[in-house]
Amino acid sequence: MNLLVADEQPYEDSDTTFYRVLQPGLDVTHGPILYLDDISVSFDGFKALNKLTLTIDAGELRCVIGPNGAGKTTMMDVITGKTRPDSGTAFFGQTIDLTKLSEPQIAEAGIGRKFQKPTVFERHSVFENLELAMKADKRVQTTLFAQLDSAQQDRIADTLRMIGLNEHAARLAGRLSHGQKQWLEIGMLLMQEPKLLLLDEPVAGMTDEETARTGELFLTLAGAHSLIVVEHDMDFIAQIARRVTVLHEGSVLAEGTLSAVQEDERVVEVYLGR
């Protein structure tokens with residue numbers, strides 16, 4: 001079982017402390033897990049990304065904010081291989097060139113993405129959803145006749161506890177609340193053993209209580225995983241933010257602690273002041 005583990009030796013920057021994620025095949029010895037350098041993407045003459053440069057450290061929880069059309073979705077599309085950049089480089093760790101891999105290859109390398117609307121198997125139980133999502137041999141014959149061993153059952157049980165659905169394991173996913181479906185989908189991503197999680201507006205439509213619990217979950221995941229959270233809910237950002245990146249017109253407008261970007265006059269003008 002390839003679970004993510006954190007290095008015993010933390011390293012610090014000016015804002016917070018991160019823990020390096022150690023994974024076979026992924027070189028993060030220099031700290032960062034994701035490098036985007038001078039990434040540009042155009043659609044019919046519109047520059048969705050304009051020389052975007054971004055670095056995410058291993059074990060970091062990074063919040064990305066910005067007005068509509070700032071390039072947030074296109075950035076995630078580039079990271080996951082859905083969109084090829086016109087120019088620039090994108091590396092996962094020191095050696096994995098994302099621009100040369102397909103979407104399935106990038107997912108297999110350890111990058112998981114959650115879209116705003118949860119996608120779960122509504123006619124299957126919560127437990128079965130996690131079982132189906134488990135990183136394993138998905139060939140038809142193997143799936144039909146496979147039985148979970150004790151380690152796999154323990155992984156599912158641990159994930160159920162982490163996402164707060166251990167009491168709902170036998171419940172059909174279609175009967176969960178919106179927030180619970182969001183947690184289940186996050187659990188399904190975790191079953192695939194990602195090293196980097198991209199989370200697109202994860203608390204949209206949640207109650208205040210569900211939003212707070214989601215923040216607690218993300219703070220628990222940080223360190224063992226790297227997370228990029230794209231969100232408009234500034235109260236939620238305030239709950240989880242360690243370092244915040246503000247995008248505008250396809251480029252990084254500002255970056256730093258939440259208080260620092262909130263006080264940046266450029267950010268207030270193009271985003272927070274609206």
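Helix axes are lines fitted to C-alpha atoms over the stretch in contact, and the angles between them run from 0 to 180 degrees between N-to-C directions. Helices (DSSP runs of H or I, at least four residues) and strands (runs of E, at least two) are numbered from the N terminus. The model is predicted: local features need pLDDT of at least 70 and side-chain atom pairs count only at pLDDT 80 or more, while totals for chains, interfaces and linings use all residues. Residues are numbered from 1 along each chain as its sequence is written, and side-chain values use heavy atoms, with hydrogens and water left out.

**Overall composition**

The chain has 10 helices and 14 strands. Of its 274 residues, 50% count as buried; buried means under 20% relative accessible area, exposed over 50%, and partly exposed in between, with a 1.4 Å probe and protein chains only. Contact means heavy atoms within 4.5 Å. Among contacts between residues at least 6 apart in sequence, 66% join residues at least 24 apart.

**Packing around helix H3**

Helix H3 (residues 126–133) packs against helix H5 (residues 150–162) and also against H6. The two pairs are set out below.

| Helix pair | Angle | Axis separation |
|---|---|---|
| H3 and H5 | about 120° | 10 Å |
| H3 and H6 | about 30° | 8 Å |

H3 and H5 are therefore oblique to each other; on this scale, angles under 35 degrees count as roughly parallel, over 145 as roughly antiparallel, 65 to 115 as roughly perpendicular and the rest as oblique. The crossing of H3 and H5 is right-handed, a term for a near helix turned clockwise from the far one by less than a right angle, anticlockwise being left-handed. From H3, the residues making this contact are Val 126, Phe 127, Leu 130 and Glu 131, and from H5 they are Ile 156, Thr 159 and Leu 160. By class, the contact of H3 with H5 has 5 nonpolar, 1 polar and 1 charged residues. Here Ala, Val, Leu, Ile, Met, Phe, Trp, Tyr, Cys and Pro count as nonpolar, Asp, Glu, Lys and Arg as charged, and the others, Gly among them, as polar.

H3 also passes H6 in a right-handed crossing. Val 126, Asn 129, Leu 130 and Ala 133 of H3 meet Leu 184, Gly 187, Met 188 and Met 191 of H6. The contact of H3 with H6 has 6 nonpolar, 2 polar and no charged residues.

**Nonpolar cores**

A nonpolar core is a set of buried Ala, Val, Leu, Ile, Met, Phe, Trp, Tyr and Cys residues joined through side-chain atoms within 4.5 Å. The largest has 45 residues, and those with the most contacts inside it are Leu 184, Phe 218 and Leu 227. Helix H6 (residues 178–191) gives the most to this core, with 7 residues. Apart from it lies another core, of 31 residues, among them Ile 56, Ala 58, Met 75 and Ala 90.

Beyond residues up to four places away in sequence, Leu 184 touches Val 120, Val 126, Asn 129, Leu 130, Ile 163, Leu 165, Ala 173 and Leu 176.

Lys 181 is found in helix H6 and is buried, with a relative accessible area of 15%. Leaving aside its neighbours within four places in sequence, Lys 181 is in contact with Pro 118, Val 120, Glu 122, Ala 173, Gly 174 and Leu 176.

Arg 62, in strand S7 (residues 61–65), is also buried, at a relative accessible area of 2%. Its contacts, apart from neighbours within four places in sequence, include Leu 54, Leu 227, Arg 243 and Glu 255. The C-alpha atoms of Arg 62 and Ser 226 are separated by 8.1 Å, although these residues are 164 residues apart along the chain.

Helix H1 (residues 72–80) is mostly covered, with 8 of its 9 residues buried. Lys 72, Met 75 and Asp 77 are among the buried residues of H1.

**Positive phi values**

Most residues other than glycine have a negative phi. Asp 44 has a positive phi near 50°; it lies in the loop between strand S5 (32–43) and strand S6 (46–57) and is exposed, with a relative accessible area of 87%. Glu 201 has a positive phi of about 45° and is found in the loop between strand S11 (196–200) and helix H7 (208–221). At 18% relative accessibility, Glu 201 counts as buried. Gly 81, which follows H1, has a positive phi near 85°.
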